[in-house]
Structures are given as structure tokens and as C-alpha cells.
Amino acid sequence: MDAIPLALDGYLTADPVPGDRDGTVCWRLSCSSGTDHMVEEAVMPCTTMEPEIVHALLTERQPGDLLRVTGHLALPATAGGVVRLHVESLEVLWEAPLLDAEEGGNDEDGGDTATAADPDADRNRAIAALAEALTGLGHQAGEGPGQSIRLHISPTGALGTGLEHCHSIDLTPARAHRLADAIDTLNCQLDDDRPDSGAVLDSQTIADLTELFDGIDLLDLTNAVLNATRPENRAAVTQAMDDMFGDAPAPDDTDR
């Protein structure tokens, strides 16, 4: 059977290893399906004999890197064989941060390791909740052509042991716009909820503002606005000024 052209995005699950043949390398990608009708995560065995890719995988890449690979999927000749993607090009979409050598769970002080893991558990629950919400948004029927915007969510730090908390969600442009609008609204709400900084205007500024507003005659202001308004728009302008200042004179009460 002919090889099948295929492109995949996925996380490197472990350190790549040299292949059985000289000049080759083998590795595995953890890939999100992006659909409710397939298993959420799948692991794809990959191999290549491209010298540049072999060198990059053996010397530069690390578990947790997000890669985009393209090549041809070779189906096994027998039912017990292994499906393998023969990669012809590789692109690094995101590099996992290097793990600090001093980090690694050395508990020399005899601290409670279960307590130290609680922040990770809370983070992972938050990632799962966010991924579920975004996946639901992406799967809603309707707006726009097919999926074309991909969001990647993952923990910070090295991902060699945390790939189950990595997610890829596809959104249409219309859904992405709606998500951006919702985030803008949330940002405004968060700004409104922030406590007052406690800044107090000086007495002279307060006196100047009070004098300014006391000197405004709302009746004169209303008449000036209505006299400058086209007749067909006066009813709407009057209503708007009523909403802002209270009862405003009707157009018939002003000089023409």
C-alpha cells in the first residue's frame, strides 16, 4: 500500500534515540485529536533519515517540545506491524523550558512532598477546566469556515512527565473573535473590581470643579443643543438629554 502524506503537531514524549540503521533517529509524538469522535490523545511513532532532522533531534530537542512534522505514514504489511511516520520536515512550534538542575524533588529538609505537589494539582485542574471550555467553544456548530486557529495549552516547565496536561484546541476565526471579545469584557470587569487606590483630590481642585459645574445652566445648555439640532432629530436628542440630566425642555419650549 502506498504511503499516506500526513502532517502532525505533537509534543515530544521522551528523548529521541538513534534508529536501527545508521543515520536514522526514532521518537514519539503525543498528538491531540481535536475532535469528540476520536481518542483525545494519540502517540505516533516517528522516524527519519534526514541528516538535519537527525542532528536536531539528538542534540537540540528535549521532551515537551511542541513539534510540527510532515512526511508519509507507512502502514504495516501485517496486522501485528507498527504504523510509523517517516518524517521529511520538522518545525519547532514551542520549546519546553529547561529543567533547573537544582529542581528535582530533592527533599533534603524532610519537607512534606504531598504539600509541595498541591500547587501543581491546582494548576492541572485549571488547565483541564480551561481546555474543556475552549474545546466546547471550538465544537459548537455554526460560524465561519473550517477550523484554522490552533491554541496550545500546557504547564510551564519541562513537560517530559506532564504531557497528559497538554492540549491543542482548534477554533474558527469567528469563534476566536468572540473569545477575544469575552476576554476584553472580563478585563474590564477585573479593572472595575480593583480596590480604589485611595487617591484624594486636593481641596483647590475640588473647589474649581464645583465652581465649574455650578456655573453650568442646564436650561441654557439644553436650549443651545436643541436649537443646533435639526428638527427631525430633536425628539431623539431631547430623550437622550432627559436620560442624562433629567427632564429637559421640549423642542417647542425653545426659541427657534
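Reader: Which helices each supply at least two residues of the nonpolar patch?

Author: In this predicted model, helices α4 and α5 (218-227) each do so. The patch covers about 590 Å² and is made by Leu 209, Leu 212, Phe 213, Ile 216, Leu 218, Leu 221 and Val 225.

Reader: Why does Phe 213 count as exposed?

Author: Phe 213, placed in helix α4, has a relative accessibility of 56%. Exposed means over 50%; therefore Phe 213 counts as exposed.

Reader: Why is Asp 208 called partly exposed?

Author: Asp 208 is found in helix α4 (residues 203-214). Its relative accessible area is 41%. Buried means under 20% and exposed over 50%, with partly exposed in between; therefore Asp 208, at 41%, is partly exposed.

Reader: What charge does the surface patch with Asp 208 carry, negative or positive?

Author: The charge is negative: Asp 208 gathers there with Asp 202, Glu 211 and Asp 214. Asp and Glu count as negative, so the patch formed by these residues is one of negative charge.

Reader: How many helices and strands does the protein have, and in what order do the elements run?

Author: There are six helices and eight strands. From the N terminus on, the order is β-β-β-β-α-β-β-α-β-β-α-α-α-α.

Reader: What share of the residues is buried?

Author: Of the 256 residues in the protein, 26% are buried. The protein exposes about 17,300 Å², and carbon and sulfur atoms supply 54% of that area.

Note on methods
Residues are numbered from 1 along each chain as its sequence is written. This is a predicted model: local features need pLDDT of at least 70, side-chain atom pairs count only at pLDDT 80 or more; totals for chains, interfaces and linings use all residues. Side-chain values use heavy atoms; hydrogens and water are left out. Patches are made of residues with over 30% relative accessible area and no salt bridge: like charges are joined within 9 Å, nonpolar side chains (Val, Leu, Ile, Met, Phe, Trp, Tyr) within 5 Å. Accessible areas come from the Shrake-Rupley method with a 1.4 Å probe; for residues, only the protein chains shown count as cover. A salt bridge is a side-chain nitrogen of Lys or Arg within 4 Å of a carboxyl oxygen of Asp or Glu. The place of a charge is taken as NZ of Lys, CZ of Arg, CG of Asp or CD of Glu. Helices (H or I, at least four residues) and strands (E, at least two) are DSSP runs, numbered from the N terminus. Buried means under 20% relative accessible area, exposed over 50%, partly exposed in between (1.4 Å probe, protein chains only).
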